[in-house]
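Biologist: Can you walk me through this one? I have the sequence and the coordinates open.

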Amino acid sequence: MRVRDQRNRRREVLAAGMLAVALALTSACTGGKGSDDGPGWQDGAEQPAAKASVSISEPAADAKDVPAATAITFAAEEAEDTTVELTDADGAAVEGSLAADGTSWLPAQALTYGGSYTATVTATGDDGLPVTATSAFTVMAKPDKQVRISSFLGDDQTVGVAMPLIVKFGRAIPEQYRADLQRRMTVTSTPAQEGSWHWVSPTEVRYRPKEYWQAGSEVSYRVQAGGLPLGDGWYGRADLTVDIAIGPKLVMTVDNKTKRMTVTRDGKKIKTILVSLGKKSTPSSSGTMVVMEKLRKTVFDTYDELGPEDGYRTKIDYAQRLTWGGEFIHAAPWSEGQQGTTNVSHGCVNVSMANGAWLFDNTKVGDPIVVKGTERKLQLGNGWTDWNVSWDEYVKGSALPYEPAAADPDVSPSETPTA
């Protein structure tokens with residue numbers, strides 16, 4: 001038995017050797033590197049290294065408890081083209097956009113609390129060779145402390161050309177967090193118009209264009225604060241998006257000297273109205289105000305403010321609020337005999353019943369009224385006084401340095417999100 005096994009083994013070895021020789025001869029016939037009749041052999045030479053390089057700094061690889069509003073922050077060198085892809089645990093792509101400065105990418109909406117994601121950044125240089133960097137991370141659990149974010153305006157409203165965009169927060173935003181928040185606050189207008197955010201208080205920020213909004217504009221503003229850290233363990237509750245339209249350019253100008261209001265629409269005078277302004281003891285404010293509220297019928301009650309001797313309670317028609325202090329445009333049939341000649345109001349712009357109705361039908365919240373020549377100057381903060389501040393002063397209220405040059409013609413220049 002043993003002798004037979006050994007012979008069989010010799011036969012197997014001899015057959016394997018002959019097969020190896022045959023294969024070697026066959027391979028040699030296909031041609032070497034560069035041959036026209038086959039793939040050839042690799043000669044071991046080093047392949048060229050890509051010129052571009054890329055790395056992801058945030059979120060760090062394998063990071064836990066990442067805020068749901070995180071941006072993908074990266075650095076790419078010698079790259080002519082850079083793309084970012086973010087996928088969830090199921091491999092589904094997350095929508096988002098690259099920042100104007102090209103160093104970060106922001107998801108279109110807050111990520112899912114507790115979700116797992118993988119970010120891939122690919123950079124390609126002028127040599128056409130791509131390089132990639134990846135970072136897998138996990139989003140934090142839903143926080144208990146969330147800040148409510150609200151807008152004065154709602155979708156599909158049509159407002160006047162002086163309307164500021166007003167965003168309020170349910171909690172004061174610490175100063176050191178405002179810049180990061182403002183980077184995620186964008187305003188898009190068609191046609192494009194220059195503008196800036198301005199922090200009125202720790203709980204309120206407003207936006208206005210450099211000049212009045214252009215009549216007929218379409219405006220959209222967005223606050224991507226869902227899951228964003230806002231200080232002391234608080235996070236933004238949700239993103240906010242509002243789309244509005246701008247109506248005709250209707251401007252009311254009141255001259256105390258002539259006791260008349262001139263109304264223009266899109267630059268053309270359409271009506272002159274007799275008025276009676278505030279008497280000397282209660283003068284009307286001079287300045288640029290904005291219609292903040294319209295009340296077809298209301299009651300003015302000043303007993304708490306002025307006391308039983310000077311106070312009054314009066315039914316009012318066609319009231320349009322101009323200040324928090326109580327200045328309105330409104331119908332005042334009791335002063336029609338003084339309108340155009342004498343000031344007798346408590347600071348309001350009195351007009352006739354007919355003119356009050358006409359104004360009420362033709363104006364919108366956000367329309368401007370300019371009052372000139374009275375004994376009192378409009379106090380900042382007494383209403384939407386954004387237009388009573390010079391542009392140079394207004395931009396100082398931004399948490400970010402103002403940049404007048406716009407890279408994207410459809411996005412206001414200082415409002416493009418950046419890293």
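Modeller: Of the 419 residues of the protein chain, 42% count as buried, where buried means under 20% relative accessible area, exposed over 50% and partly exposed in between, with a 1.4 Å probe and protein chains only. This is a predicted model, so local features need pLDDT of at least 70 and side-chain atom pairs count only at pLDDT 80 or more, while totals for chains, interfaces and linings use all residues. Residues are numbered from 1 along each chain as its sequence is written, and side-chain values use heavy atoms, with hydrogens and water left out.

Biologist: How many helices and strands does the protein chain have?

Modeller: Five helices and 28 strands. They are DSSP runs numbered from the N terminus: helices are H or I with at least four residues, strands are E with at least two.

Biologist: And what share of the contacts join residues at least 24 apart?

Modeller: 66%, among contacts between residues at least 6 apart in sequence. Contact means heavy atoms within 4.5 Å.

Biologist: Which residues have the most contacts inside the largest nonpolar core?

Modeller: Phe169 and Leu181, in a core of 35 residues. A nonpolar core is a set of buried Ala, Val, Leu, Ile, Met, Phe, Trp, Tyr and Cys residues joined through side-chain atoms within 4.5 Å. At least two residues of this core come from each of β12 (165-169), β13 (185-190), β14 (195-201), β15 (204-209), β16 (218-223) and β18 (240-246). Another core lies apart from it, with 21 residues, among them Ile72, Leu86, Leu111 and Ala119.

Biologist: Back to leucine 181. What is it in contact with?

Modeller: Leaving aside neighbours within four places in sequence, leucine 181 contacts Phe169, Ile173, Trp199, Val223, Ala225, Leu228 and Leu230.

Biologist: New topic. What does a search of the whole structure find in the way of cavities?

Modeller: One cavity of 30 Å³ or more. About 60 Å³ of space lies in it, the largest cavity. On a 1 Å grid over the protein atoms alone, a cavity is a set of points where a 1.4 Å probe fits but cannot get out, and lining residues have an atom within 4 Å of a point. Grid points are joined across faces, edges and corners, and the volume is the space filled by probe spheres set on the points.

Biologist: What lines the largest cavity?

Modeller: Among the lining residues are Ala68, Leu106, Gln109, Arg184, Ala225 and Asp239. By class, the lining has six nonpolar, four polar and two charged residues. Ala, Val, Leu, Ile, Met, Phe, Trp, Tyr, Cys and Pro count as nonpolar, Asp, Glu, Lys and Arg as charged, and the others, Gly among them, as polar.

Biologist: Where is threonine 363, and is it buried or exposed?

Modeller: Threonine 363 lies in the loop between α4 and β27 (368-372). It counts as buried because its relative accessibility is 5%.

Biologist: What does its side chain make a polar contact with?

Modeller: The side chain of glutamine 320, at 2.7 Å. A polar contact is a pair of N or O atoms within 3.5 Å; within protein, one must be able to donate a hydrogen and the other to accept it, and residues adjacent in sequence count only if both atoms are side-chain atoms. A polar atom of the threonine 363 side chain also lies 2.9 Å from the backbone oxygen of leucine 359.

Biologist: And lysine 259, buried or exposed?

Modeller: Buried, because its relative accessibility is 12%. Lysine 259 is in the loop between β19 (250-255) and β20 (260-265).

Key
1 Å grid on protein atoms, 1.4 Å probe; cavity = no way out; pocket = protein on both sides within 12 Å on 5 of 7 lines; lining within 4 Å.
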